[in-house]
Structures are given as structure tokens and as C-alpha cells.
Amino acid sequence: MNQTLHLQKLSVGTETVADLAAWQNTKRAQSSDGLPRHVTRMWPKRTDEVLQGGSMFWVIKGSILCRQEIIRFDEYQNADGIRRCAIVLNPELIRVAPTLKRPFQGWRYLKAADAPVDLPKGRETEEPLPASLNAALAEIGLL
């Protein structure tokens with residue numbers, strides 16, 4: 001029996017969740033039906049598990065700060081002729097409990113049990129703690 005599996009990805013060049021939302025609102029970051037997408041070279045092998053309610057968890061400035069439901073995977077071919085995977089996302093950015101994450105390349109799988117929880121209603125607009133304070137709290141076991 002398959003279980004839900006998520007993906008995690010660094011949001012390179014993004015300082016805040018609002019920056020990510022602004023980028024995704026550009027035509028360049030959207031699929032033909034206007035949904036936000038992330039184009040990547042590697043196609044996930046475990047798509048069935050990801051498409052059972054999986055989300056893309058975005059790492060911004062060293063912490064996972066938000067997620068978006070993954071709707072589908074589209075084949076994408078740029079002018080260079082190379083086939084890529086377009087991860088098509090629900091436009092809603094859901095804030096999650098900030099979780100420290102070391103840098104990595106590409107995307108990674110994230111088990112549902114290891115995924116940060118959504119922030120409670122009313123806390124979605126709170127600014128995350130500075131990365132250094134977040135790291136110090138995690139180091140002493142408070143996060």
C-alpha cells in the first residue's frame with residue numbers, strides 16, 4: 001500500500017514566502033493553464049505516492065516555510081530540446097511551522113511523518129524567526 005510522499009526544494013533567490021508567490025504569479029513560472037509550476041531535470045520515480053496528496057515543501061533562507069499541493073507532473077520541453085519535468089502546483093501557499101534545512105541540490109523526497117505541520121489559523125502571516133535564532137533554538141532542542 002502506497003503512502004503519501006512529499007517533495008522538498010530550495011527556493012533559490014527567494015527571501016520570503018511573498019517573494020515566492022510573486023515569482024509564481026509571473027507568466028514564466030506558470031503552466032499553460034495558468035497554474036504555478038517548477039521545472040526540473042529529474043522526473044520523480046515515485047509519482048504515484050506523491051500524487052496521493054503530496055506537497056512541495058519550499059526551503060527559504062535555510063528553513064522550510066511553506067508548502068503547495070502537487071497537482072500533476074507535466075512533460076516540458078524547452079527550446080533546447082531537452083525533456084524536463086514540470087511539477088504543477090496548487091497556487092495556494094500554506095505556511096508551515098518553520099523547520100531548519102541544510103542546503104541541497106535539486107529536490108528531495110520528504111516522508112509525511114517528517115513533514116512540518118501547517119501553522120494554525122491566524123499565524124500564517126507571522127514572520128519566521130531569523131535563521132540564526134532558529135538554528136540556536138534547534139541546537140538546544142527547542143524546535
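The structure is a predicted model, in which local features need pLDDT of at least 70 and side-chain atom pairs count only at pLDDT 80 or more, while totals for chains, interfaces and linings use all residues. Residues are numbered from 1 along each chain as its sequence is written, and side-chain values use heavy atoms, with hydrogens and water left out.

The protein holds 3 helices and 7 strands; helices (H or I, at least four residues) and strands (E, at least two) are DSSP runs, numbered from the N terminus. Along the sequence, these elements follow the pattern β-α-β-α-β-β-β-β-β-α. Of the 143 residues, 38% are buried, where buried means under 20% relative accessible area, exposed means over 50%, and partly exposed lies in between (1.4 Å probe, protein chains only). Cys66 is buried at 0% relative accessibility, and Cys85 is likewise buried, with a relative accessible area of 0%. The protein exposes about 8,800 Å², of which carbon and sulfur atoms supply 52%; accessible areas come from the Shrake-Rupley method with a 1.4 Å probe, and for residues only the protein chains shown count as cover. Among contacts (heavy atoms within 4.5 Å) with a separation of 6 or more, 69% involve residues 24 or more positions apart.

The structure contains 2 aromatic pairs. Rings of Phe, Tyr and Trp (its six-membered ring) pair if their centres lie within 6.5 Å; planes under 30 degrees apart count as stacked, over 60 as edge-to-face and the rest as tilted. The rings of Trp43 and Phe73 have centres 6.2 Å apart and planes at 45 degrees, so this pair is tilted. Because Trp43 lies in the loop between β2 (37-40) and α2 (47-50) and Phe73 in strand β4, the pair ties together parts that are 30 residues apart in sequence. Trp43 is partly exposed, at 38% relative accessible area, whereas Phe73 is buried at 12%. The rings of Trp107 and Tyr109, with centres 5.1 Å apart and planes at 75 degrees, form an edge-to-face pair. Trp107 is buried at 12% relative accessibility, while Tyr109 is partly exposed at 28%. The charged end of Arg46 sits over the ring of Tyr109, 5.2 Å from its centre; this description requires NZ of Lys or CZ of Arg within 6 Å of the ring centre and within 35 degrees of the ring normal.

Arg67 is found in strand β4 (residues 63-77) and is buried, with a relative accessible area of 17%. The side chain of Arg67 makes a polar contact with the side chain of Ser55 at 2.8 Å. A polar contact is a pair of N or O atoms within 3.5 Å; within protein, one must be able to donate a hydrogen and the other to accept it, and residues adjacent in sequence count only if both atoms are side-chain atoms. Beyond four places in sequence, the residues touched by Arg67 include Met56, Phe57, Glu92 and Asp118.

Asn90 occupies the loop between β5 (83-89) and β6 (94-100) and is partly exposed at 22% relative accessibility. The side chain of Asn90 reaches the backbone nitrogen of Glu92 at 2.8 Å. Apart from neighbours within four places in sequence, Asn90 is in contact with Pro36, Gln68, Glu69 and Ile71.
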